[in-house]
Amino acid sequence: MKLALLVATAATCGALALPRHAPAGHHASLRAARKVHAPRMQTPPSRKAADTNAEATDGSAGLRQILGLKGASAGDMSAPFNWKIRLQLTKPATWVPLIWGVACGAAASGNYHAIWNMFGDAPYGTWGDVGVDTVKAVCAMFLAGPLMCGFTQTINDWYDRELDAVNEPYRPIPSGAISEGEVIFQAYFLLFGSYAVAFGLDQWAGNDWPVITAVAVFGSFMAYIYSAPPLKLKQNGWQGTYALGSSYIALPWWCGHAMFNANSLGPQEIILTILYSIAGLGIAIVNDFKSIEGDTALGMQSLPVAFGVDKAKWICVASIDITQLAVAAYLAIIGETLFATILVGLVVPQMLSQITFLEDPVANDVKYQAAAQPFLVLGILTTALAVGHHSF
């Protein structure tokens with residue numbers, strides 16, 4: 001962890017020359033992208049990913065805009081301080097897995113005082129402990145979701161502005177709904193706000209070494225090299241999707257655990273969360289199907305582009321299912337059979353949801369995520385509770 005903090009700090013300070021003003025001709029390049037690639041989007045032989053990005057007609061377009069989902073309405077710049085557009089840029093819908101990851105880390109710590117611990121013959125802690133731990137958890141979730149994930153999404157949109165001009169032209173930057181200066185300010189505000197909150201949480205948790213700050217710095221470094229040149233990990237399907245998956249599972253888990261019992265965050269748990277991030281890789285692939293045309297045109301080697309839709313969809317579901325079943329087997333081996341059985345039971349409905357997804361992953365990506373992701377995140381919590389229950 002200490003080595004990771006040193007490396008990440010140096011790289012972040014030296015390389016995080018975060019969004020600068022776009023070079024001259026940037027807006028012209030966006031217009032050119034739309035002009036050059038428009039005919040590709042209109043070819044009829046097969047259903048195109050971009051065809052699913054039209055504004056929703058069921059009355060949900062406004063909500064979709066705020067949540068940062070496809071099918072959003074055109075940018076609404078009438079709100080004070082342009083808050084709707086700023087919020088859309090952070091994609092609040094993507095905060096949920098990180099917030100949940102913090103909850104899982106708290107559960108795995110074995111030191112979180114939950115409301116249900118107060119009932120029964122032997123209450124654990126006091127109502128005051130429950131109140132304090134609840135506030136601690138909410139603050140850690142605020143760090144992982146609105147701040148860290150918001151920062152990640154903001155710089156990702158900045159460095160993907162040409163790509164979004166093809167795939168998702170309704171997004172704030174290519175649509176012109178937010179200025180370059182506003183994007184730059186938001187990125188820096190979220191970045192340094194994250195560091196300040198993380199350091200404060202370390203002090204509150206009484207950590208001898210700033211574990212939460214280290215996770216925040218390392219997470220921001222990963223966010224940068226994922227989106228920005230010269231590394232731009234997202235251009236490489238395997239590296240990019242795993243980096244994204246681990247950031248959504250392992251890092252918030254470690255943050256939540258460190259908030260309540262940093263000293264008990266052992267190697268077995270770290271390895272388990274890193275392996276569980278392979279399932280996160282599968283979820284990341286689901287999000288790539290909507291961007292096939294733009295990824296192809298701009299040389300982004302996402303897995304659907306590198307392997308084709310048919311192979312990529314099987315890689316996607318296999319990484320999700322096999323990972324969870326392997327974790328269930330591990331829990332059974334260490335004697336946590338009840339948790340292992342529950343985890344297997346949660347995998348089954350995910351596999352059923354994959355039937356329609358495999359038929360057309362481009363059209364059914366959102367439907368699949370809505371149906372399967374609740375069971376996936378419940379499985380992660382089940383694993384966390386098993387870790388908290390087990391004595392390594």
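1. Start with H9 and H10, which cross in a right-handed sense. Keep in mind that this is a predicted model. Helix H9 covers residues 180-205, and its axis sits 7 Å from that of H10, at an angle of about 160 degrees. Because the angle is over 145 degrees, H9 counts as roughly antiparallel to H10.

2. Who touches whom here? On the H9 side the contact uses Leu191, Tyr195, Ala198, Phe199, Leu201 and Asp202, and on the H10 side Val211, Ile212, Thr213, Ala216, Val217 and Ser220. Sorted by type, the residues of this H9 and H10 contact come out as 9 nonpolar, 2 polar and 1 charged.

3. H10 (residues 211-227) has another partner in H6 (residues 127-159): the two pack at about 20 degrees, with 9 Å between their axes. That angle makes H6 roughly parallel to H10. As for handedness, H6 goes past H10 in a right-handed crossing.

4. Now the residues at that H6 and H10 contact. H6 supplies Leu143, Met148, Phe151, Thr152, Ile155, Asn156 and Tyr159, which meet Ile212, Ala216, Gly219, Ser220, Ala223, Tyr224, Tyr226 and Ser227 of H10. By type they split into 10 nonpolar and 5 polar, with no charged residue. Compare the lists and you'll find Ile212, Ala216 and Ser220 in the H10 contact with H6 and also in the H10 contact with H9.

5. A word on the annotation. The unreviewed UniProt entry gives "transmembrane region" for residues 183-201, 208-226, 270-289, 327-348 and 368-388. For residues 327-348 the figures are 86% helix and 0% strand, with the end C-alpha atoms 14 Å apart. I'd look at both spans on screen.

6. Next pair: H5 and H11. Their axes are 6 Å apart and the packing angle is about 45 degrees, which makes H5 oblique to H11. This crossing, too, is right-handed.

7. Which residues of H5 and H11 make the contact? From H5 come Pro97, Leu98, Gly101, Val102, Cys104, Gly105, Ala106, Ala108 and Ser109, and from H11 come Ser247, Tyr248, Pro252, Trp253, Gly256, His257, Phe260 and Asn261. The tally for H5 with H11 is 10 nonpolar, 7 polar and no charged.

8. On to charges. Side chains of opposite charge can pair when their charged atoms come close. With a cut-off of within 4 Å, the count is 6 salt bridges. One of them joins the side chains of Asp157 and Lys91, at 3.9 Å from N to O. This pair ties together distant parts of the chain, 66 residues apart: Asp157 belongs to helix H6, while Lys91 is in the loop between helix H4 (83-89) and helix H5 (95-109).

9. Two backbone details to check before you close the viewer. The peptide bond going from Pro229 to Pro230 is cis, and its omega is near 10 degrees. Pro230 is in the loop that runs between H10 and helix H11 (237-261).

10. The other detail is Asn82. Its phi is near 55 degrees, a positive value in a residue that is not glycine. Asn82 sits in the loop between helix H3 (61-67) and H4.

Conventions: Residues numbered from 1 in each chain as written. Predicted model: local features only at pLDDT ≥ 70, side-chain atom pairs only at ≥ 80, totals over all residues. Heavy atoms only, no water. Axes fitted to C-alpha atoms, helices over the stretch in contact; angles between N-to-C directions. Helix = DSSP H or I, 4+ residues; strand = E, 2+ residues; numbered from the N terminus. Parallel < 35°, antiparallel > 145°, perpendicular 65-115°, else oblique. Left-handed = near helix turned anticlockwise from the far one by under 90°. Contact = heavy atoms within 4.5 Å. Nonpolar A, V, L, I, M, F, W, Y, C, P; charged D, E, K, R; others polar. UniProt positions renumbered as here; feature names shortened; annotations may be inferred.
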